[in-house]
Amino acid sequence: MNSWRVAFRLVYLLIQRRRIFWIALLLVTIASFFQPLRPYLYRYVIDNPLRQGDVSLLLKWGTILIFLSFLHA
């Protein structure tokens, strides 16, 4: 198959699924924004809720960090 044909086919499929493309682009942008912040979030969770022994807050932040990991994946 010609590479131009493949490119045109991909553009055609993209036009058909425009909404999914914009959702995926938004998720990638959000994930790339939070990627550099993850080490700071880990440090915050270790320094504050873990040291204080606040299990409910630790569970909340753990859920947020797991969500961000799945979002990044």
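Phe67 is exposed at 52% relative accessibility, where exposed means over 50% relative accessible area, buried under 20% and partly exposed in between (1.4 Å probe, protein chains only). Phe67 lies in helix H4; helices (H or I, at least four residues) and strands (E, at least two) are DSSP runs, numbered from the N terminus. Between Phe67 and Gly53 there are 22 Å in space, C-alpha to C-alpha, and the two are 14 residues apart in sequence.

The model is predicted: local features need pLDDT of at least 70, side-chain atom pairs count only at pLDDT 80 or more, and totals for chains, interfaces and linings use all residues. Residues are numbered from 1 along each chain as its sequence is written, and side-chain values use heavy atoms, with hydrogens and water left out.

The chain contains four helices and zero strands, in the order α-α-α-α from the N terminus. Its radius of gyration, taken over C-alpha atoms, is 19 Å, whereas a compact globule of 73 residues would have a value near 11 Å (the globule rule is 2.2 Å times the number of residues to the power 0.38). The C-alpha trace spans about 60 × 20 × 15 Å along its principal axes. Of the 73 residues, 12% are buried. The chain has an accessible surface of about 6,400 Å², 71% of it belonging to carbon and sulfur atoms; accessible areas come from the Shrake-Rupley method with a 1.4 Å probe, and for residues only the protein chains shown count as cover.

In soluble globular proteins, nonpolar side chains tend to be buried together. Here the largest nonpolar core has seven residues, namely Ala31, Leu41, Val45, Trp61, Leu65, Leu68 and Leu71. Such a core is a set of buried Ala, Val, Leu, Ile, Met, Phe, Trp, Tyr and Cys residues joined through side-chain atoms within 4.5 Å. Helix H3 (38–52) and helix H4 (55–72) are the elements giving two or more residues to this core, and H4 supplies the largest share, four residues. Val45 is in contact (heavy atoms within 4.5 Å) with Leu50, Leu58, Trp61 and Leu65, leaving aside neighbours within four places in sequence.

On the surface, Leu14, Phe21, Trp22 and Leu25 form a nonpolar patch with about 370 Å² of accessible area together. Patches are made of residues with over 30% relative accessible area and no salt bridge; like charges are joined within 9 Å, nonpolar side chains (Val, Leu, Ile, Met, Phe, Trp, Tyr) within 5 Å. Helix H2 (residues 18–34) gives the most to the patch, three residues. Leu14 lies in helix H1 (residues 3–16).

The structure holds one salt bridge, defined as a side-chain nitrogen of Lys or Arg within 4 Å of a carboxyl oxygen of Asp or Glu. Asp47 and Arg51 form this bridge, with 3.9 Å between the closest N and O atoms. About one helical turn separates Asp47 and Arg51, because they are four residues apart in helix H3.

Relative accessible areas of some residues are listed below.

| Residue | Relative accessible area | Class |
|---|---|---|
| Leu14 | 35% | partly exposed |
| Asp47 | 32% | partly exposed |
| Arg51 | 67% | exposed |
| Phe67 | 52% | exposed |
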